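Have a look at the structure first, then read on.

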Amino acid sequence: MDIFDQKAPMDLDGNYGSTGEMKKAQYMLQLLGTPWDADTLKCIITAAEQGMEMRTGYLDTLNAEQNSPEYQDIFEFGTYPGLKEADYNVAGANAIMAFINARGLGYSLVPKNVTEAATQDFWVDIAVTEATPNVDTLVQEQLLKPMTDSGYTANTEACEKAKANLNRVLELLEKQLTGNAYIVNKYSFADVHWTAVIHLLMQTEEASLVRQRPQISRWYDALATRKSNCGQDIVSFSLLPNKDDIKQQELSSVVIDDY
């Protein structure tokens with residue numbers, strides 16, 4: 001039994017995707033990650049959007065489990081999150097999302113129009129390089145470090161710097177969303193990336209960074225009831241962890257009931 005079967009076990013009998021007899025022969029996915037990692041959340045969203053069942057398991061990165069022999073026997077660089085489908089393994093959000101997007105049942109989350117695809121990639125890059133490091137700082141200082149040390153006081157200077165950086169980036173996102181239901185015309189990977197980042201920000205003490213911006217708030221709130229792109233009765237947003245889930249180190253699995 002490998003680390004996937006230990007941490008994200010599957011009960012295949014009768015479940016969706018268990019036999020591989022689908023439109024695109026597919027099996028249930030297993031994912032190892034953490035509830036405070038935006039990349040992990042992006043993979044869960046993508047699986048729900050594309051109608052692929054996924055069992056999730058907690059990877060204890062607080063204690064560097066990604067560097068354990070059991071994990072590095074599969075992913076030698078310790079890259080996470082990690083995905084398993086049958087005999088195939090792949091790690092890292094970009095690779096996992098591309099794999100699920102190609103294997104899933106919904107429309108591609110990459111726009112067909114070349115200018116929209118390029119704009120999508122621009123906003124994905126901004127989410128990853130400009131927003132995520134600052135949200136990570138707030139999550140670390142306001143959620144994770146107090147979890148392991150009840151007497152910890154957040155580093156005010158680090159938090160203020162992260163907030164200043166986020167204010168600049170979020171103001172640009174606010175303009176991009178003005179008059180648009182989604183970041184790039186149609187729901188795309190740009191929305192997946194930003195949903196994960198904004199949702200984690202909302203679990204910190206700095207939710208006002210979002211709420212003071214009406215266009216981002218409108219977009220974020222609409223996602224809470226938006227059914228996924230695969231045609232099944234599932235809302236990907238509902239699978240995202242709240243603050244208590246983060247503290248309990250819990251991740252939701254993607255379960256498809258209407259098949």
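A charge counts as sitting over a ring if NZ of Lys or CZ of Arg is within 6 Å of the ring centre and within 35 degrees of the ring normal. Keep in mind that this is a predicted model. With that said, Arg226 lies over the face of Tyr187, 3.7 Å from the ring centre.

**Charges over rings**

**Aromatic pairs**
- You'll find 8 aromatic pairs in the structure.
- One of them joins Phe122 and Trp123, edge-to-face, with 5.4 Å from centre to centre and 85° between the planes.
- Phe122 is partly exposed because its relative accessibility is 47%, while Trp123 comes out at 6% and therefore counts as buried.
- Tyr220 and Phe237 also make a pair: the ring centres are 5.1 Å apart and the planes meet at 75°, so this one is edge-to-face.
- That pair ties together distant parts of the chain, 17 residues apart: Tyr220 belongs to helix α9 (residues 214–223), and Phe237 to the loop between α9 and α10 (243–248).
- Both Tyr220 and Phe237 are buried.

**Aromatic cluster**
- Which residues form one aromatic cluster? Phe4, Tyr71 and Phe75 do.

Conventions. Residues numbered from 1 in each chain as written. Predicted model: local features only at pLDDT ≥ 70, side-chain atom pairs only at ≥ 80, totals over all residues. Heavy atoms only, no water. Phe/Tyr/Trp six-rings, centres within 6.5 Å; stacked < 30°, edge-to-face > 60°. Buried < 20%, exposed > 50% of the residue type's maximum accessible area, 1.4 Å probe, protein only. Helix = DSSP H or I, 4+ residues; strand = E, 2+ residues; numbered from the N terminus.
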